[in-house]
Structures are given as C-alpha cells and as structure tokens.
Amino acid sequence: MKNLNDSSYEINPTLKQYLLITLGVCALITAVSYFHAPVRFWVNILINNFYFVSLALSGLFFLALQNITNSSWMRTYQRIPQAMTAFLPWGLGLMLLGFLGHHTLYEWTHTAEVLKDPVLIKKTAYLNVTFFLIRLVVYFALWITASRLINVLMNSWPSSPKQQEAHSGKLARVSAITMVVFALSFALFSYDSLMSVEPHWFSTIYSVYTFSGLFVSGIAFITLSLLVLRLFGHLDGIVTRDHFHDLGKWMFGMSTFWAYIWFCQYMLIWYSNIPEETEYYILRDHDNWTWLFWSNFVICFAVPFFILLKRESKRNYIALAGVSIVLLVGHWVDLYTLVAPKIYEHYKILAVIGPYEILSAFLFASGYVLIFLKKLQTRKLIVDSDPYLEEGSHLHQ
Amino acid sequence: MDKKVQGEFVIGVFDDEEKLVKAGTLVKRDNFHIQDFFTPFPVHGLDELLDIKRSRLPFVTFVAGGMGLILALAFQVWTSAVDWPINVGGKPMLSIPAFIPITFELMVLCGALTTVAAFLFRAKLFPGQIPVTIDRRQLDDQFLIVIPSGEKNAELEKLLRDNGAVKVEKQMAGGRNE
C-alpha cells in the first residue's frame with residue numbers, strides 16, 4: 001500500500017466558496033418561492049428532506065450491511081458512507097421545519113375534513129399530529145444513535161488480534177441490530193412522510209420501493225464522491241479499478257432491483273383493478289404527468305441497465321460517473337412523481353420542474369455536500385489500525 | 001493442457017504461490033512463453049501472465065437470455081391473444097404487463113442453463129473426461145508452471161531454481177494420466 005500517511009482530506013477553499021454561494025443564491029430563490037408559490041415550496045421541501053435523509057440513511061445501511069458480512073473491500077473507503085450519515089441531525093431539524101407546511105401537504109391534518117371522512121376518521125389513531133411528531137423524533141434518535149455507534153466502532157480498533165476479533169464481533173452485532181431497527185423505522189418513516197400524502201390510498205410494498213430508491217441513490221453517491229476523491233489523487237493504491245467495478249455492479253443490480261419493485265407494485269394494482277388502488281396510477285398516467293412518470297422509469301432503469309451491462313463500462317470511470325449522476329437525478333424525479341401529483345391535483349397545479357424545483361434541490365445538495373465534506377476532513381480517509389484494511393486494498397476480480 | 005498440445009515441456013514445481021507468481025513474472029519478462037499453470041486453488045495474477053483472452057461466456061448468456069425473452073413473449077402472445085383468446089377480468093387480450101413475470105423467468109432460465117452448458121462444453125468437463133495431471137501434488141500443496149522446452153532450457157531451469165522452484169523436470173505433452 002502506498003500513501004498511507006498522505007490520506008487526509010481538506011476542503012478546497014474555492015470549492016467551499018462556490019458551495020456557499022450556491023447555497024446562498026438557492027436559499028434566496030427558494031425563499032421567494034415561499035411567497036410566490038407556497039404549495040410548490042412545501043412540496044419541494046418535503047421531497048428534498050426525504051431525498052437527503054434517504055441519502056444519509058443509505059450510508060448507515062451500507063455500513064451495517066458490509067459489517068454484518070464482515071467485508072473488507074469497503075474498509076478502503078468507509079469514511080465516505082460514514083460522512084454521509086453526518087446529515088442526519090440536520091435532517092431531523094429540516095423535517096420538523098418542513099412539517100410547518102403540514103396543512104398544505106397532509107389532508108389528514110385538517111380535523112374538520114377528517115371528521116366528515118369515514119375512511120380517514122378510522123386512521124386518526126395513527127395519523128395525528130402529535131403521534132406523527134413523536135414518531136419522527138424517535139426514528140431520528142434511533143438512526144443518529146446507530147450511526148454514531150457504528151462510526152465510533154469502525155474508527156477505533158484495538159491493537160491485539162484477540163481484542164480485534166471481539167471488536168469485529170461487536171461491530172457485526174451492532175450492525176445486525178441496526179439493520180432490524182432501520183428496516184422497521186424506515187418503512188414507517190416513508191409511510192408517514194410520503195404515503196400519508198394520499199391518506200386514502202395505501203400500498204404495502206411502498207416502503208420496499210422507497211428503500212430500493214434509497215439504496216441505489218446511496219451507491220451512486222458513494223461512487224461519484226469516490227471518483228472525485230480519486231481524481232484529486234486521494235486513496236491512491238488503496239482504492240483500485242476493481243473497487244469501482246464492484247460499485248458498478250451494485251449500481252447495476254440495485255437499479256434493476258428498483259425496477260423490479262416498481263413493476264411489482266404496478267402489476268398487482270393493474271391486475272386487481274380496484275378503484276381505490278388504481279387512482280394512484282391513473283393520476284400519474286394522465287395530464288402532463290405521463291411523460292414524467294414514464295421517463296422516470298427509463299432514466300432510473302433502462303439507462304443504467306444498458307450502460308452498465310458491459311464489463312468494460314463498469315470499469316470505465318466516465319461511464320460510472322455518468323450513470324451515478326443519472327441515477328441521483330432520476331431518483332429525485334422519482335420522489336417528485338411519488339409526492340407531488342396528489343397535492344398538485346388538489347391545488348390545480350400541473351406537473352412542473354421549473355427553477356423553484358431545481359434550485360431548491362441545489363440548495364439542499366450544496367448544504368448536504370458541505371456537511372459531508374466537513375465530516376470527511378475531521379479525520380484521515382483510512383483507519384490505520386483497521387485490521388481489514390490491507391486485505392481490502394487487494395481486491396481482485 | 002489441451003490434447004492438441006504437442007512436444008516437450010519444462011515444468012517448475014513450487015511450494016508457495018507467491019514464489020510461483022514471482023517466477024512467472026520473471027519468466028515472462030525474459031520472453032519465454034508460458035503454456036499453463038497448475039495450482040490447487042485459484043491464484044491471483046496468473047491470468048495476466050498467461051495473456052488469456054476475455055471469456056466470451058457473457059456473450060453466450062446475453063444471446064441466450066434474449067432468445068428466452070423473445071420465446072416467452074411470443075408464446076404467451078400466441079396462446080392468449082392469437083390462437084385461443086381468453087378474456088381475463090375484462091383486460092385486453094394483448095396485456096403485456098401480465099406476460100412480464102413469465103418472460104423474465106424464462107429469460108433467466110434460458111440464460112443460466114445455456115451458460116452452464118456452454119461452460120461445461122468449452123471447458124470439456126463431461127463424464128468420462130480424463131483430467132490432465134502432471135504431478136499429483138498439483139492437487140494438494142504444490143504449484144506448477146509449464147513452459148515449452150526450447151534452446152534456452154538451461155537458462156530457464158536456472159531462472160526457475162533461483163526463484164524458489166523445489167524441482168524442475170521435463171515432460172512430454174499429455175501428462176501422466178494417473
């Protein structure tokens with residue numbers, strides 16, 4: 001291994017300046033949208049909150065998964081998923097802030113309407129403001145605790161082999177518990193914050209669908225940030241083309257998994273043809289949602305599938321970077337088609353991806369990247385005491 | 001070694017895979033052609049030394065998967081929309097979403113089975129095949145490098161011995177079928 005000592009990362013001041021300028025400009029435009037188009041403002045906030053909380057959670061999930069399987073190849077770039085979770089406390093604040101728009105977003109918060117509605121009145125035990133907020137805080141408390149615990153364990157290894165073995169076992173146990181907690185809490189979190197936008201409609205596979213989006217966009221983010229780090233000469237000789245090949249396989253597999261779940265939900269609803277279920281797809285296959293809905297499927301499935309099918313493109317940095325960007329954008333659009341149609345139908349707004357949508361996404365993205373990079377520079381990019389590091393850097397296909 | 005391979009070969013026997021890779025690298029550097037390696041388990045780095053071309057197996061999988069896809073789709077369309085149209089739940093006769101699961105499964109099945117068959121066929125792994133064994137211990141704890149014998153045999157043998165070969169011997173193609 002080379003460059004063991006030359007592996008700390010520092011934010012480039014120019015980059016930081018650009019990110020802060022983007023943040024400022026986008027914050028200004030988003031603030032304008034609050035007065036000009038309040039419904040779009042709240043919808044955008046909800047989409048971005050969910051998107052970036054998912055991205056942060058994908059880091060946690062990825063670490064837990066790799067620790068359970070005791071895999072070593074991830075040790076070479078483990079700081080990236082670790083830094084991705086740094087957004088979680090901010091995510092809680094932003095989710096609570098975004099909940100200020102609950103009267104715009106969630107039909108079930110209008111007590112007068114709920115009382116008249118025979119379906120919604122039965123759901124009030126679960127769908128009420130107090131319980132919603134309690135759940136939200138509990139989810140984030142669990143996630144933040146788990147990510148702190150895993151990060152601390154991963155970054156401080158004992159020196160004797162016997163202790164290392166015990167440490168490795170402890171890491172696997174914590175990760176396994178995290179996995180169970182994550183599965184339950186993320187499922188409920190996506191039911192709460194996204195599915196309750198359409199409180200009459202429900203789908204039990206919904207959380208699997210949002211999870212598949214979380215996973216694939218997380219891998220895309222890891223790949224993209226790792227490519228940028230390698231471009232600037234970091235992790236030389238530690239992260240090799242073989243690591244990228246494996247990440248490419250993940251992206252390929254998980255975008256296909258997403259399409260699989262997409263189709264599972266679509267086919268069952270299409271086949272059974274029950275009015276209260278089909279309204280979901282009728283809404284998305286009408287007016288000017290049609291092109292967005294179907295192009296989303298092409299962007300998130302067909303494009304990565306056909307590009308990454310060949311081995312050569314999984315080992316090609318430009319192809320990987322392109323697919324990562326396509327997936328990251330595609331899954332934002334995916335969330336847009338999940339959340340916006342029902343709310344916009346109510347307020348008689350047509351599908352629109354304009355400056356407000358794009359700039360609000362950039363606002364969150366620049367903030368997320370800043371938090372990510374700040375966390376990344378707090379310590380070295382590799383953990384010298386990690387006994388699996390050496391093995392992980394010798395990855396072969 | 002392939003049945004078609006003719007002539008005499010120099011065989012270097014090693015007791016450590018790292019020594020084998022190192023010696024193989026040096027042998028290749030000195031412009032000797034390496035015929036093959038025999039090891040009890042897969043060793044990284046040997047494929048590169050042998051200049052093996054990329055396997056065409058993925059292409060077989062792709063074509064077979066595509067065939068399975070077309071076959072399954074065509075058959076379902078023919079049975080449920082052309083030959084004997086059946087109305088299921090008032091849906092159109094030609095309902096592609098309903099055909100997707102079977103299409104997917106048949107694509108995977110055709111792709112997977114054809115790949116296994118093609119691999120066994122190309123690697124000549126079928127019942128009654130006599131495996132080439134040069135030295136019994138290639139199946140246990142020793143690592144062999146096989147190089148065609150030529151004018152510079154003395155130089156080659158010295159190179160192998162200097163780099164940790166426990167034994168260097170000559171053998172005719174075909175090996176001893178023990």
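## A surface patch and a chain interface

A:Y126, A:F131, A:I134, A:V138, A:L142 and A:L188 together make a nonpolar patch on the surface, with about 470 Å² of accessible area. Please keep in mind that this is a predicted model, in which local features need pLDDT of at least 70, side-chain atom pairs count only at pLDDT 80 or more, and totals for chains, interfaces and linings use all residues. Residues are numbered from 1 along each chain as its sequence is written, chains are lettered from A and ligands numbered from 1 in the order in which they are written, and side-chain values use heavy atoms, with hydrogens and water left out.

Helix α7 (residues 129–155) of chain A gives the largest share of the nonpolar patch, four residues. A:L188 sits in helix α8 (residues 161–193) of chain A. Because its relative accessibility is 34%, A:L188 counts as partly exposed (between buried, under 20% relative accessible area, and exposed, over 50%, with a 1.4 Å probe and protein chains only).

Let us turn to the interface. Here nine residues of chain A are in contact with ten residues of chain B (contact means heavy atoms within 4.5 Å). About 920 Å² is buried between chain A and chain B, and carbon and sulfur atoms give 76% of that area (buried area is the accessible area, with a 1.4 Å probe, that two parts lose on being put together, summed over both). On the side of chain A, A:F263, A:W270 and A:H396 lose the most area to chain B, together 46% of what that side buries. Helix α10 (residues 241–272) of chain A supplies the largest share of the side that touches chain B, five residues.

Conventions
Patches are made of residues with over 30% relative accessible area and no salt bridge: like charges are joined within 9 Å, nonpolar side chains (Val, Leu, Ile, Met, Phe, Trp, Tyr) within 5 Å. Accessible areas come from the Shrake-Rupley method with a 1.4 Å probe; for residues, only the protein chains shown count as cover. A salt bridge is a side-chain nitrogen of Lys or Arg within 4 Å of a carboxyl oxygen of Asp or Glu. Helices (H or I, at least four residues) and strands (E, at least two) are DSSP runs, numbered from the N terminus.
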